[in-house]
Structures are given as C-alpha cells and as structure tokens.
Amino acid sequence: MIVDDFEKAEISHFFKVVERKKGNYVKAAGKYACFYQEIENDDVAGNGPKALEYLRSKAKVVSPFYQEDFSSSVSGHDGSVIIKYSAKLDL
C-alpha cells in the first residue's frame with residue numbers, strides 16, 4: 001500500500017502480485033528509512049498510522065509511505081506476518 005499524504009494518513013494505492021508485465025508505478029530511486037515488524041495478520045490493515053508515526057519519530061522522511069508484505073507467514077507464529085514499512089529520506 002501507499003500513503004501519499006502524511007497528514008491524512010489514508011491509503012491511496014494498493015499493490016498485489018500479478019503476472020509479470022510492464023508496471024504502472026516506479027518507486028523513486030533514493031535512500032529510504034525502513035523497518036520490519038512482525039504483526040498479527042488481522043492487525044495489518046489498521047497498523048499503518050502507528051507505523052508511520054514510529055518511522056517519522058526516527059527519521060525525516062517524505063511521502064509516499066510504503067507498506068509491503070515481506071513474508072506471508074512466520075514459522076512457529078501462526079497468524080503473524082512480517083511487514084516492511086518505508087519512506088524516502090528527506091536529505
């Protein structure tokens with residue numbers, strides 16, 4: 001997912017795995033701040049605002065804010081996934 005406006009913190013785009021073909025979005029080159037979080041699958045959709053707040057407390061970043069599935073499951077942790085959150089550093 002992408003959040004384009006930090007102040008509104010509303011989801012603006014979703015990504016999904018599809019057949020390989022020409023894409024319609026390019027993630028800009030640059031240096032990014034990111035972190036990974038293990039989270040219960042049911043809590044993923046509502047965690048974005050908290051994750052953005054945490055990332056902004058650690059680094060000066062600019063929109064958009066990305067949420068990416070890193071793992072569909074965690075061994076020995078039924079119902080949890082690893083999520084990667086990132087945003088481009090404001091250098």
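User: How many aromatic pairs does the count come to?

Analyst: The count comes to five aromatic pairs. The structure is a predicted model.

User: What makes the aromatic pair of Phe35 and Tyr54 edge-to-face?

Analyst: Two values decide the matter. The ring centres of Phe35 and Tyr54 are 4.9 Å apart, and rings pair if their centres lie within 6.5 Å. The angle between the two planes is 70°, and angles over 60 degrees count as edge-to-face. Therefore Phe35 and Tyr54 form an edge-to-face aromatic pair.

User: Why can this pair be said to tie together parts of the chain?

Analyst: Phe35 belongs to strand β2 and Tyr54 to helix α1, so the pair ties together parts that are 19 residues apart in sequence. One aromatic cluster takes in Phe35 and Tyr54 along with Phe65 and Tyr85.

User: Why is Asp42 called exposed?

Analyst: The relative accessible area of Asp42 is 74%. Exposed means over 50%, so the term applies to Asp42. Asp42 is part of the loop between β2 (32-40) and α1 (48-58). Its C-alpha atom is 7.9 Å from that of Gly79, although 37 residues separate the two along the chain.

User: Why is Ser86 called buried?

Analyst: Ser86 has a relative accessibility of 1%. The limit for buried is under 20%, so Ser86 is buried. This residue lies in strand β4 (residues 80-89). Beyond its neighbours within four places in sequence, Ser86 has contacts that include Lys27, Tyr32, Ala33, Leu55 and Tyr66.

User: What makes the approach of the side chains of Ser86 and Lys27 a polar contact?

Analyst: The distance between these side chains is 3.4 Å. A polar contact needs N or O atoms within 3.5 Å, with one able to donate a hydrogen and the other to accept it. The pair of Ser86 and Lys27 is therefore counted as a polar contact.

User: How do you know that the charged end of Lys27 sits over the ring of Tyr32 and over the ring of Tyr66?

Analyst: The charged end of Lys27 is 4.8 Å from the ring centre of Tyr32 and 4.4 Å from that of Tyr66. The rule asks for a distance within 6 Å and a position within 35 degrees of the ring normal. Lys27 is counted as sitting over Tyr32 and also over Tyr66.

User: Why does Leu55 count as buried?

Analyst: Leu55, in helix α1, has a relative accessibility of 4%. That value is under 20%, so Leu55 is buried. Among its contacts beyond neighbours within four places in sequence are Ala33, Phe35, Phe65 and Ser86. From Leu55 to Tyr85, 30 residues along the chain, the C-alpha distance is 8.0 Å.

User: Why is Ala33 buried?

Analyst: The relative accessible area of Ala33, in strand β2, is 12%. Leu55, Tyr85 and Ser86 are among its contacts beyond neighbours within four places in sequence. Ala33 and Lys88 are 55 residues apart in sequence, yet 6.2 Å apart from C-alpha to C-alpha.

User: Which residues have the most contacts inside the largest nonpolar core?

Analyst: They are Phe6, Leu55, Phe65, Ile83, Tyr85 and Ala87, in a core of 14 residues. At least two residues come from each of β2, α1, β3 (61-71) and β4. Strand β4 gives the most, with four residues. In soluble globular proteins, nonpolar side chains tend to be buried together.

User: What kind of peptide bond joins Ser63 and Pro64?

Analyst: The bond between Ser63 and Pro64 is cis, with omega about 10°. Pro64 lies in strand β3. Most peptide bonds are trans.

Note on methods:
Residues numbered from 1 in each chain as written. Predicted model: local features only at pLDDT ≥ 70, side-chain atom pairs only at ≥ 80, totals over all residues. Heavy atoms only, no water. Buried < 20%, exposed > 50% of the residue type's maximum accessible area, 1.4 Å probe, protein only. Contact = heavy atoms within 4.5 Å. Core = buried A, V, L, I, M, F, W, Y, C linked by side-chain atoms within 4.5 Å. Phe/Tyr/Trp six-rings, centres within 6.5 Å; stacked < 30°, edge-to-face > 60°.
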